[in-house]
Structures are given as C-alpha cells and as structure tokens.
Amino acid sequence: MSVRRHHAALLGAVTAVAAAAAGLVGVTSSAANAASGCRVDYKVASQWDGGFVADIAITNLGDPLSNWTLGWSFGAGQTVSSGWGATYAQSGAGVTATNLSYNGSIGTGGSTSIGFQGTSGSSNPVPTAFTLNGVSCTGGVTGSPSGQPSPSRTPSPSPSPSPSPSPSQTPGGNGSGLVGWATQNGGTTGGGNAGTVTVSSASALTSAIQGTTASVVRVSGTISCSGMLRVGSNKTIVGASGATIVGCGLNVSEAKNVIIRNLIFRDWSDDAINVQYSTNVWIDHNTLSHGYDGAIDVKRASDFVTVSWNRLFNHDKTMLLGHSDDNGAEDRGHLRVTYHHNWFDGTTQRHPRVRFGNPVHVFNNYYNRNSGYGVASTEGAGVLVEGNYFENVQDPYHRGEGSSAPGNLVARNNYLVGSGSGDAGGSVASIPYSYSLDTPSSVKSVVTAGAGAR
C-alpha cells in the first residue's frame, strides 16, 4: 500500500474519535487534569499524504504566566514545517513552541491556541506528554492514530489499454506533501515559520494577505465578501475547520511563493482562485462549488503551480490554464502546472482546459459524471494525462476545444468505467520532478477519502 493510501486509511480510522458535529477529521490527545500546572489538547485537524495540520490548546492551571514554552516529542519521525501562534524549534524528536509577543501572558485558568503544519510518514501518533515551562502536563491520552488499517476497495471493471508503458516512478514530494511543478524553481513554502494572524472578517482578510512580508493567515468562520481579494507574495492562507469564503475570490497577481489550503469557496462572483503573472503557487485541499466563472484559473505567464486534493461540485467552468488563444507570446514556455488527486464531482468542463503549457501533468484525479469533457489540450500545449479514474465521462480527454487549435496529449494507464475512449496524440515534454503514482483502479477510493477541505 502506498503512503498516500496509508493516509487515506488513517483518515477513515480516526473519524470515530473526531469531532463529528464539526465535520472535523482528527483526533484529540488530552494531557489533562494536571494539578501541577497545565492541560494540553492536541488535535490533528487535517491530514494528507506526507503531511498534516495540528491545533493545540494550552490551558494554564498554575500561577499566572508572562511567557511560556511548550515542549513535546514526536514518536514517529514527524517534523514541524511551519506554524502559527508561536515560534517553533525542533531538535531530533523534541519540539518547543515559544509564545509570541501577543500571547505570552496566560492567567490562572486562562488558555491560548497555537498550531502548525507538519510532515509525517506512514503513521502519525499524537504526542503522549507535554511540558509547559518545564512542568509536566500529565493525564490520559485518547485516540492515538497509530494504526493503519487497509481501506476497502470498490470493485471495478478492468482498466482500459494503455497506449504507452508507465514510467518507473520514484517516491515524490518534498516531505511537506507538496508534489509537482510547485517543487521546482526553488520550491514553495508560503509564509513558512512566520507569525500567524487569525482573521474572521473580509476587511481583516484583505489586509492580512497584502504585501510581500512572509505571514501565515488563518481564516476562521465564514467570511462574506465581493470581487477579488489580492494576495501578495510569501503567504500561507489556511482555513480552520469549516472556514468558508462566500461571494468573492482570491487573486494571486504578480506574486511568488503562495499556499492556499483548507478553505471552502462558494458563490463567488468572478473566480474563486485566480493566478496570473505569478510563480510557485500551491492550491491544496480546498472545496469549491456554486460559483460564477472559473473555480481555479491559472493564466498570463504564471508558472510552477501545483493544484492538489481539491473537491469541486455543482459548478461549470472548473480549471482554465491559459485564458486566450492570442496570448501565446506571453504564455509559451510558462503555464507549467501539476493537477493531482482532485475530485471533479459532476462538474461540467475544464478539468483542466489547457493552452500553451508544456508539460502539464494531470495524474491520479477522479472524474465522475462530467457532462462536458474531462481534459482538453489546445494551442500546442503538451498534457500528460496519467493514472486518472474516469467514471461515466463520455469525453474524458481530447485535443482542441471550441475555436482553439489542437494541442498534444499523451494518455496512459487511465482507468475508464462507463466512459468514452478519449482522443490523444502528439508528444509531451518530460516531467522533471519525481512523483509516486497510485494504482489507477484505487484512485476513486483514495481521492474521495482525502480530497477537499477538512
């Protein structure tokens, strides 16, 4: 079983101990009732292949504190890659999180919340003990997610013949769960370990995501807005569980090094996420529906982009890559994007619709009841369509679309269930990064278990 399938199994296994009413996939470790000074609640809020997000609530049961350091050890090689609410340091398995200027004071009985994004292997057990300023926070632990049961598989018919053999793949990614084009050109880290600001209003969100200073912006609750909110460089925009943006979208324009993760978008009036004149962008684990124009559009010479583990439903124009047949002078040599493990759930078209980009990599996505088409390669683009699962899609992929001239499309090892045969031809430039390809027949169960916001 691949690491990704291990994580899919893990997500299913921990659901019973999750906060089901909030729709949260996770577990809680309570080093509770520590009369000597503190209580810590540690919760895995979301998880994907190679990485996870954890929320930590700290309650002071001792004397008032003017500053604090929380300590713990990981048990399975996990690492902290970025965080919010504290300054993080790690040596081997040991981790410390030290307060920032705004949350150093905690009165007796008071609490504060922090969190981080981490990397993990095939298991991700919660820490079993914590210290606060050197004082042990003792108590019981509930729901350790160390078991890795195998997920059930949906029986399916035999796969379609492959026009060319599959390459030998090596395990991919960079330890943070990032795979694909966004790992190139120096990689994509977003705000990294910069300080975190939590926002719950349109005005606060608009202000927090501007400029080029590195920051982690945590979206909480439902934010109603209109138009497009411009995103600056060196930003991680991550949603708390259930975080929703209604009525507007994010415009990543003339920016570099941006991560957008774990958000619900709906009813946008333009695009939900627009990327233009930008490089090194990672759009991951979002849920998008009921919008006006594009859900995730990438255009105008943008490059080094990965779009992964998103779920899209009740929408027409899904993912456009390259906005105009007349923009070739600007777009050729750019528009290199990886689309993987996305769930196109009854959406109509553009999954993606590609102009000029080469190579564009579309792998391990799940397509279901897409009434228009799956993938279109146009205007000389080069698209590798690999290891996807198409179910009840009469036109899974083709060359040319509307008035756009045909591009090149190589299709291999796709799994077709109640679907057409597709139209492929030409050649595609080689993929420069390593990646791990899930067995095509398992893609439906893997993607439906893991895609979308948590």
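Two strands pair if DSSP finds at least two bridges between them; strands (E, at least two residues) and helices (H or I, at least four) are DSSP runs numbered from the N terminus. The structure is a predicted model, in which local features need pLDDT of at least 70, side-chain atom pairs count only at pLDDT 80 or more, and totals for chains, interfaces and linings use all residues. Residues are numbered from 1 along each chain as its sequence is written, and side-chain values use heavy atoms, with hydrogens and water left out.

**Overall composition**
- The protein contains 35 strands and four helices.
- Of its 454 residues, 57% are buried (under 20% relative accessible area, 1.4 Å probe, protein chains only).
- Among contacts (heavy atoms within 4.5 Å) between residues at least 6 apart in sequence, 61% join residues at least 24 apart.

**The S6–S7 hairpin**
- Strands S6 (residues 86-91) and S7 (residues 94-99) run antiparallel and are joined by six bridges.
- Ser91 stands opposite Gly94 in S7.
- Two residues lie between the strands of this hairpin, where Gly92 takes a positive phi near 65°.

**Nonpolar cores**
- A nonpolar core is a set of buried Ala, Val, Leu, Ile, Met, Phe, Trp, Tyr and Cys residues joined through side-chain atoms within 4.5 Å.
- The largest has 55 residues, and Leu205, Leu250, Ile260, Leu263 and Phe265 have the most contacts inside it.
- Apart from this core lies another, of 25 residues, including Val40, Tyr42, Trp68 and Ala86.
- Leaving aside neighbours within four places in sequence, Leu205 is in contact with Val199, Val217, Val219, Ile223, Leu229 and Ile245.

Terms used. Buried means under 20% relative accessible area, exposed over 50%, partly exposed in between (1.4 Å probe, protein chains only).
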